Structure formats: structure tokens, C-alpha cells
Amino acid sequence: MRDERASLTTSEPYAFAATGEGLASPRDYFELLKPRVMSLVIFTALVGLVRSPADVHPVIAFTALLCIAVGAGAAGALNMWWDADIDAVMTRTSKRPVPSGRVSAQEALAFGLTLSAFSVGVLGLLVNALAGALLAFTIFFYVVIYTMWLKRSTPQNIVIGGAAGAFPPLVAWAAASGTVSLEPVLLFAIIFFWTPPHFWALALYRADDYARAGVPMLPVTAGPDETRLQILLYTLFLVPLAASPAVLGYAGLSYGAVAILAGAWMIHLAWRVFRRREGEPAVKAAKSLFGFSIVYLFALFATLLGEAVVGGLMR
């Protein structure tokens, strides 16, 4: 496996990093944590924590969120360690700390493993064993199942691998209550089905990058037209799923309104991606969907958070 990965690139920066001669700064180690991904993890986990019916001590809540954030960062560091060879040949990722030579591969591996052990151990010992086990499985799923296996072997990598990014509200709910119920499973499902149209929109206008790196993303293996169809189908399934918490009584009218209005625009943008297939209009349509998909998920979870906060103040 290592020989195959090394053959993907002859990038000198990555060869330099692999020797262990890193020139890392604190900022480089922070970048290893994938802070933008971590911020989404923290936010969705916070929603899972607040939506739980259990009363959580502020220290326990802070500990849970910290461990989930550190666990997400650990998974990001291990992902950058393993993917340094393909990161080096992709424009979007070539300046990351490992392929650019600022952090050695060994340092990234040690950093990720240390943070993984810390986050899982602290969460399991200081909060509860179920939350610790779920966090451990999340890290394992992202690093081993997605990064090491699925990403390089199947165009369904994002579909299956998206489960890793959907676990944080489930972990946080378990941290607060010690159990798992239907509501956090719905939050998991929303993120899970949101992930393919979100990432495939990016992959449509970054297809050359993925092809050059040998990553079998759907636009590379099945072509852009099939990708556009899959984006539309997943979006049509996602939108009613995202409205289901209001239908089932887990969320209020404000959430239902946001889910319907934002969902309608999400479908509109997915339809534009499906229809616009050539030139700059196609690229703009994909970029618009990618950008709005982030706003869409944030709006859903922010409304859930707002409803929980308001409900708590009115008790």
C-alpha cells in the first residue's frame, strides 16, 4: 500500500517531509487539525448536546465538546499523514503542512495518535463510556474505513465515508444522556445525506485535481453528467428528511419553516447544476451549490440550537 501511495507523486516537498526534517510552527500543527472541518464538528456536536433532554453540568458539557473537537482534529491530522502523497499533487491541498514539508509525516502521525488517545480516553473516563466508544469509532471510521480504504478504492467514498462527519451530534447526545435515541439519529442522517451533494458539487469543478491524484471521485469515474444526476437525487431525498424533525415533533415551527425554505433553494441550485453542463455556467452552478450547502446545514442546526436555547429560557 505504501509503495502504491508513493508512486502517485514525485513531489520534492513531500519527500522532504517524509525524512522527518519538519520546520513546523504552532500554526502548522493547528492546520493539521483541519480547523474549518473542526468548527463544523463543534457546532453540530453543540446542537446534539443542547438538544439532549438531560441536564448536563457545564464542566461535563465543556469536556465533551473539547474531546469531540480534539478527536476531530486528530482524525484530520491522521488523514493528512496518510494522504500526503495525493495532497502533494492536488492544487487545493498541495500547501498543507505535510506535502509542503513544514511537518514531517512521522510528526503528523505521532500528533494524530496522541490526540486520538487523549480525546477518547478523557471522554470515556470523565464523561461516559458510550460517548468515548462512539468517538473512538468515529476516528477509526474516518481514518481507516474512509481515508485508508474507501477514498482510493470506490467512487462511493463520500457516500459511505460521510458517516464519519455525521457522528458528532450522536457522540454529544450520548455524552449528555448516556444513551442514543431517534432524534440524534435523525441529525446523523441529515448530515450523512447532505455530504454527497455537498462534496460532489466541489468535485465537479475540481475533477482534474482528483483525476491527477488518482482518487476515484464520481465525476472522474462516472462522468460529470451522472454526478449531476446523483446530486439532484440526493438533494431531493435530503430536503424532506431535513424537515422530518419538525414533522415528528422534535423541532418547532421555526425549524420547519427554515427547512422548507432553505430546502427549496437547495433543490433549485441542484436543479441548476443538473441543467447547466457546459463551460463557465456549469462551474458557477456547482460553486453556488457547494457554497449554499454549507449555509443550508448551518441554518438547520442553528435553528435547532436557537429553539433549544429559547425553550430553556422559557422553562
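## Notes on a two-domain predicted model

1. Let me start at the domain boundary: two salt bridges are found across the interface of domain 1 and domain 2. Please keep in mind throughout that this is a predicted model. The division places residues 23–179 in domain 1 and residues 181–315 in domain 2. Taken over C-alpha atoms, the centres of the two domains are 21 Å apart. Domain 1 brings 32 residues to the contact, and domain 2 brings 36.

2. How much area do domain 1 and domain 2 bury between them? The figure is about 2900 Å², with 73% of it on carbon and sulfur atoms. On the domain 1 side, the residues that lose the most area to domain 2 are Arg 51, Arg 92 and Ile 158, which together make up 21% of what that side buries.

3. With Glu 183 it forms a salt bridge whose closest N and O atoms are 3.0 Å apart. With Glu 307 it forms another, the closest N and O atoms here being 3.9 Å apart. Arg 51 belongs to helix α4 (residues 35–51) and Glu 307 to helix α16 (residues 279–313), so this pair ties together parts that are 256 residues apart in sequence. Both Glu 307 and Arg 51 are buried. Since a salt bridge is counted within 4 Å, I would look at the 3.9 Å pair of Glu 307 and Arg 51 alongside that cut-off.

4. The whole structure holds eleven salt bridges. One of them joins the side chains of Lys 151 and Asp 83, at 2.7 Å from N to O. Lys 151 sits in helix α8 (residues 129–153) and Asp 83 in the loop between α5 (58–82) and α6 (84–87), so the pair ties together parts that are 68 residues apart in sequence. Lys 151 and Asp 83 are both buried. They also belong to a salt-bridge network that links Asp 83, Asp 85, Lys 151 and Arg 152.

5. Asp 225 and Arg 228 form a salt bridge with the closest N and O atoms 3.3 Å apart. Both residues lie in helix α14 (residues 224–247), three residues apart, or about one turn of the helix.

6. Setting aside residues up to four places away in sequence, Ile 231 touches Pro 197, Trp 200, Ala 201, Leu 204, Ala 270, Val 273 and Leu 289. Take Ala 270 from that list: Ile 231 and Ala 270 are 39 residues apart in sequence, yet their C-alpha atoms are 6.5 Å apart.

7. Now to the packing. The largest nonpolar core has 95 residues, and the members that touch the most others are Leu 123, Ile 190, Trp 200, Tyr 255, Tyr 296, Leu 300 and Phe 301. Helix α11 (residues 182–205) supplies the largest share of this core, 13 residues. Because domain 1 and domain 2 both give residues to the core, it lies between them.

8. Apart from neighbours within four places in sequence, Leu 123 is in contact with Ala 64, Cys 67, Asn 128, Ala 131, Gly 132, Leu 135 and Val 171.

9. A backbone detail deserves a look at Lys 34. Its phi is near 55°, a positive value in a residue other than glycine. Most residues other than glycine have a negative phi. Lys 34 is placed in the loop between α3 (26–32) and α4, and is buried with a relative accessible area of 14%.

10. Finally, confidence. The protein averages a pLDDT of 92, and 92% of the residues score at least 70. Helix α15 (residues 253–275) has the highest confidence, at 98, and helix α2 (residues 12–18) the lowest, at a mean of 42. Over residues 6–20 the pLDDT is below 50, and the model shows 34 contacts for this stretch beyond near neighbours in sequence. Where pLDDT is low, the predicted coordinates should not be read in detail.

Terms used
Residues are numbered from 1 along each chain as its sequence is written. This is a predicted model: local features need pLDDT of at least 70, side-chain atom pairs count only at pLDDT 80 or more; totals for chains, interfaces and linings use all residues. Side-chain values use heavy atoms; hydrogens and water are left out. A nonpolar core is a set of buried Ala, Val, Leu, Ile, Met, Phe, Trp, Tyr and Cys residues joined through side-chain atoms within 4.5 Å. Buried means under 20% relative accessible area, exposed over 50%, partly exposed in between (1.4 Å probe, protein chains only). Helices (H or I, at least four residues) and strands (E, at least two) are DSSP runs, numbered from the N terminus. Domain bounds come from an automatic or database domain assignment. Contact means heavy atoms within 4.5 Å. pLDDT is the predictor's confidence in each residue, from 0 to 100. Buried area is the accessible area (1.4 Å probe) that two parts lose on being put together, summed over both.
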